[in-house]
Amino acid sequence: MFEHLSALPADPILGLLTKYREDSHPQKVDLGVGVYKDPAGNTPILDCVKTAEKLRTDSETTKVYIGPTGSAPFNELMNELAFGADHPVVQARRIRTVSTPGGTGALRVAAEFIAKCKPGATIWVSDPTWANHTGLFQAAGLTVKTYPYYDYDNKCLKFDEMLAALKQVGAEDAVLLHACCHNPSGQDLSTAQWDAVVEVAKDKGFLPFIDMAYQGFGDGVDEDAYGVRAMAAAVDNMVLASSCSKNFGLYRERIGACSIIGKDSAQADVSLSVLLYVVRCIYSMPPAHGAAIVETILGSNELKAQWLDELKVMRDRINGNRAMLVDKLHALGASRDFSFIARQKGMFSFLGINEAQVNTLMKDYSIYMVGSSRISIAGISEDNVDYLAKSIIAVL
């Protein structure tokens, strides 16, 4: 049977990582992999996580399954983190949440859930979107279409075109929206733009499906959830995929959450039964360790305060890196305006150079990024920003 297989292309970002590791250039720079890095280039374990993990290890008494929904305290605390404890959908018990293997697991569970609602349903994603969105949704049997989003020429949103496209979306379609820190463009909706999108969703009746992978990496935990909370307050049904990989630094623990909002508690219960069937058919039971760490942190006033402080350090570093790169390019007399990088949010931005220039940066300067010129902002540091900026100037 295996002789009928054909090799599939490797993920381009993982391929870049391999090339970077094999490169012996003393000034090589990795701007490809989307993980947070400190100034030394490491992805550290947060201090609050270390404390919570020790508490977990000292108190854990069994490794038995935790059930397909995962940890109930984790699920409730994730609801409060995403929606706010006093949000109407929380108070009305209209949300049902399950723990998932990372944000990617949450996306796949949600996609399978949508397919149960309507086999072959159409889901609209931004152009561009995270590269894995399309594969995840198609694997669940969904039809993927795109709506306009990023203006590559003017480095801003195509908001009028986006809104016009959403007004044509069918009532039985789903629309994927990035809550904050848009991947890969870094270009987010303003609060006023979110309000306009919410009104269209309410009017057209499509299913809003929000991916929140970077809560706290943009402007703050509550600020980054503005669109999630505004949408949830306005519509009968909604889907949310959340990740703890970035804001808690729990990449390898693979813990996230998938939340379904029903028009009332009874409909939410029915939706949960379908969600649990989907979970049972994919992975049966979620991992427990990462959820236990998160619920320990969020359930402790002291640890939560420490987490928010550490999260701010990461957020400030990312925003600082944006400004630092723009300032260096400007000081070197760049022939184009890169100020848009400082205005964007989160881990990524498009540098705005062509693929030939990207290849030259990799071949001649050992600076690694994907062909679209998407850069991981956390890969910039005070040690490499001068070399990076000079190299970019050289290929313009």
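A291 touches F74 and I255, leaving aside residues up to four places away in sequence; contact here means heavy atoms within 4.5 Å. Welcome to a quick tour of this predicted model, where local features need pLDDT of at least 70, side-chain atom pairs count only at pLDDT 80 or more, and totals for chains, interfaces and linings use all residues. Residues are numbered from 1 along each chain as its sequence is written, and side-chain values use heavy atoms, with hydrogens and water left out.

**More on A291**

- A291 sits in helix α12; helices (H or I, at least four residues) and strands (E, at least two) are DSSP runs, numbered from the N terminus.
- A291 is buried, at a relative accessible area of 1%, where buried means under 20% relative accessible area, exposed over 50%, and partly exposed in between (1.4 Å probe, protein chains only).
- Between A291 and A131 there are 160 residues in sequence and 26 Å in space, C-alpha to C-alpha.

**Overall build**

- The secondary structure of the protein comes to 16 helices and 13 strands.
- The protein has a radius of gyration of 21 Å, close to the 21 Å from the globule rule for 396 residues, so it is as compact as a globular protein of that length.
- That radius is taken over C-alpha atoms, and the globule rule is 2.2 Å times the number of residues to the power 0.38.
- The C-alpha trace spans about 60 × 55 × 55 Å along its principal axes.
- Of the 396 residues in the protein, 52% are buried.
- Among contacts with a separation of 6 or more, 75% come from residues 24 or more positions apart.

**Helices α12 and α13**

- The axes of α12 (residues 289–298) and α13 (residues 301–331) come within 6 Å and cross at roughly 100°.
- Axes are lines fitted to C-alpha atoms, for helices over the stretch in contact, and angles run from 0 to 180 degrees between N-to-C directions.
- α12 and α13 are therefore roughly perpendicular to each other; angles under 35 degrees count as roughly parallel, over 145 as roughly antiparallel, 65 to 115 as roughly perpendicular and the rest as oblique.
- T296, I297 and L298 of α12 meet L303, K304 and W307 of α13 in this contact.
- By class, the contact of α12 with α13 has four nonpolar, one polar and one charged residues (Ala, Val, Leu, Ile, Met, Phe, Trp, Tyr, Cys and Pro count as nonpolar, Asp, Glu, Lys and Arg as charged, and the others, Gly among them, as polar).

**Helices α15 and α16**

- The axes of α15 (residues 355–365) and α16 (residues 385–395) come within 10 Å, crossing at roughly 125°.
- α15 and α16 are therefore oblique to each other.
- Q357, T360, L361 and Y365 of α15 make the contact with Y387, S391, I392, A394 and V395 of α16.
- This contact of α15 with α16 has six nonpolar, three polar and no charged residues.

**Backbone spots to look at**

- Most residues other than glycine have a negative phi, and most peptide bonds are trans.
- D127 and P128 are joined by a cis peptide bond with omega about 10°, and P128 is in the loop between β3 (122–127) and α6 (131–139).
- The N183 to P184 peptide bond is cis too, with omega near 25°, and P184 lies in the loop between β7 (174–178) and α8 (191–204).
- R93, not a glycine, has a positive phi of about 55°; R93 is exposed, with a relative accessible area of 56%.
- S373, also not a glycine, has a positive phi of about 75°; S373 is buried, with a relative accessible area of 1%.
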